[in-house]
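Thanks for coming. I will go through a few local features, one at a time, and then turn to how side chains pack.

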There are 2 protein chains.
Amino acid sequence: MKKLSIIKIGGNIIDNPEALNAFLSDFHQLEGRKLLIHGGGVLATKMAKELGIESQMIQGRRVTDEGTLKIVTMVYAGWINKNIVASLQKIGCNAIGLSGADANCIPSKRRNPVPIDFGFVGDPSPDAINVDFLSQLIENDITPVFCAITHDENGLLLNTNADTIAYSLATALSKKYDTSLYYCFEKEGVLKDINNPNSLISTMNKQECEAYKEQGIIADGMIPKLDNSFKAIENGVSEVIILHAKNLLKKYGTILSV
Amino acid sequence: MKKLSIIKIGGNIIDNPEALNAFLSDFHQLEGRKLLIHGGGVLATKMAKELGIESQMIQGRRVTDEGTLKIVTMVYAGWINKNIVASLQKIGCNAIGLSGADANCIPSKRRNPVPIDFGFVGDPSPDAINVDFLSQLIENDITPVFCAITHDENGLLLNTNADTIAYSLATALSKKYDTSLYYCFEKEGVLKDINNPNSLISTMNKQECEAYKEQGIIADGMIPKLDNSFKAIENGVSEVIILHAKNLLKKYGTILSV
């Protein structure tokens with residue numbers, strides 16, 4: 001099987017032009033077939049504020065109402081996605097920017113409004129990913145760059161978690177490729193002490209992860225990221241690493257196994 | 001040679017959801033290979049106003065400064081492009097939304113700042129269009145949908161005239177396809193009296209066009225549209241029609257010839 005690297009880059013890197021350019025250069029240097037998924041960054045929140053659109057929150061999670069959907073689509077699929085593509089083209093990487101609606105790459109289901117209505121939010125499934133089209137691009141040496149917007153195949157765009165998109169793409173493409181999934185963010189990996197970059201947990205299996213969760217060492221946003229990671233490994237992805245964006249080429253971070 | 005229809009749709013249709021949906025349904029019904037280019041609409045101007053970004057004008061033409069580039073990229077490549085794609089997917093048309101940066105489809109040159117600096121504005125050339133990639137999509141029954149944003153291959157996104165993009169794509173693709181170019185807008189076609197929809201000029205050659213220009217019957221935004229049209233015909237495009245969006249399937253409008 002041919003090797004494929006799927007890299008998810010978080011919003012904190014996107015907000016820092018220097019860090020983003022350094023990351024894109026490393027991404028380009030990464031050998032072989034690859035695919036990028038990017039998060040959103042603070043620009044959407046900033047724009048919503050300037051336009052007077054207030055973020056509604058339920059149980060600490062943002063609700064994607066109509067105004068918010070418009071802003072995230074503009075910022076993620078428009079400004080961020082096209083700038084990343086133009087920057088990659090500049091350094092010789094033939095990138096193509098995509099949302100899940102484009103060529104029906106990532107159809108997703110609008111989340112059930114009961115018990116909590118999170119608005120225009122979609123949940124993709126690995127089974128629905130358009131693997132044929134994506135592998136055609138990849139085999140033609142074109143690098144897909146996904147923003148975290150999908151669609152319901154019924155005309156609605158949907159705000160979608162970028163980590164879940166990365167999991168879905170990696171799982172679907174692992175049927176055709178020997179697939180590695182890299183979650184890049186602004187920490188060294190999974191840390192025993194979130195404030196100490198030297199407390200990296202360099203390898204972790206599912207059982208150890210459960211123990212860390214019970215101890216409260218793994219909490220908040222790290223939980224869904226790890227749940228997605230273990231699901232990916234269980235469903236055919238060869239390797240999942242959680243790491244700092246600057247360590248992509250070294251592959252230095254938390255290496256997960258089942 | 002296989003037939004290809006290239007349709008450019010103006011901003012006035014985009015601002016009217018009913019007219020846009022009717023147009024997209026007709027577009028989908030149009031038989032054979034096709035490609036869509038859309039203009040911008042008023043949303044970008046409205047957003048700029050709400051965000052307090054003032055449009056600078058020189059000689060009646062808008063200058064694309066940094067703030068304006070951000071807004072047009074967000075609105076054209078993000079909101080409008082992805083909504084059109086999602087709407088087409090809904091009715092069974094496998095559309096893919098693209099800017100000129102994606103897969104390096106439309107590299108363009110930033111316009112010379114001397115004598116007038118229009119800012120981040122690009123001029124594409126038919127010779128630079130990525131015909132191979134576009135014909136691969138088209139032959140796989142995928143319909144490209146372009147917004148009017150291109151790039152300079154050096155990392156800069158550029159605001160670009162949608163009529164010129166349509167001309168450039170049609171001219172480039174006419175080397176591979178028997179290409180028809182349709183400029184759809186909110187009038188019946190080229191009118192002798194702009195306020196009288198019954199004054200349609202049903203056919204026009206270049207000589208007649210020059211005479212109409214001298215008489216002042218053809219003026220303003222119609223001049224570059226016609227100049228692009230005649231250039232397209234001279235460079236290999238089989239057919240150019242200027243028509244109301246609602247008359248696309250009837251092909252009723254102003255039919256041009258050299």
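Let me begin in chain B, with one alanine. Ala103(B) counts as buried because its relative accessibility is 0%, and the cut-off for buried is under 20%. Keep in mind that this is a predicted model. Where does Ala103(B) lie? In chain B, the loop between β5, residues 95-98, and β6 holds Ala103(B). Its backbone deserves a look as well: Ala103(B) is not a glycine, and yet its phi is positive, about 50°.

Next comes Asn104(B). This residue, too, sits in the loop between β5 and β6 of chain B. Asn104(B) has a positive phi of about 50°, although it is not a glycine either. Is Asn104(B) buried or exposed? Its relative accessibility is 18%, so Asn104(B) counts as buried, given that the cut-off is under 20%.

Now to the prolines. Which peptide bond in chain A is cis, with omega near 5°? The one that runs from Val114(A) to Pro115(A). Pro115(A) is found in the loop that links β6 (108-110) with β7 (122-124) in chain A. In chain B, the bond from Val114(B) to Pro115(B) is cis, and its omega is near 5°. Pro115(B) belongs to the loop between β6 (108-110) and β7 (122-124) of chain B.

On to a strand, back in chain A. Strand β5 of chain A, residues 95-98, is covered on both faces. On one side are Ala95(A) and Gly97(A), on the other Ile96(A) and Leu98(A), and all of them are buried. What does β5(A) pair with? Its partner here is strand β8 of chain A, residues 143-146, in the parallel sense and over 4 bridges. Within that pairing, Ile96(A) stands opposite Pro144(A) of β8(A).

Last, the packing. In soluble globular proteins, nonpolar side chains tend to be buried together. Here, the largest nonpolar core has 90 residues. Which of its residues touch the most other members? Leu169(A) and Leu169(B) do. Take the copy in chain B: leaving out residues up to four places away in sequence, Leu169(B) touches Ile6(B), Leu35(B), Ile37(B), Ile106(B), Ile129(B), Leu134(B) and Phe146(B). Another core, of 86 residues, lies apart from that one, and its members include Leu248(A), Ile7(B), Ile13(B) and Leu24(B).

That is the end of my list.

Terms used
Residues numbered from 1 in each chain as written. Chains lettered and ligands numbered in written order. Predicted model: local features only at pLDDT ≥ 70, side-chain atom pairs only at ≥ 80, totals over all residues. Heavy atoms only, no water. Buried < 20%, exposed > 50% of the residue type's maximum accessible area, 1.4 Å probe, protein only. Helix = DSSP H or I, 4+ residues; strand = E, 2+ residues; numbered from the N terminus. Pairing = 2+ DSSP bridges. Core = buried A, V, L, I, M, F, W, Y, C linked by side-chain atoms within 4.5 Å. Contact = heavy atoms within 4.5 Å.
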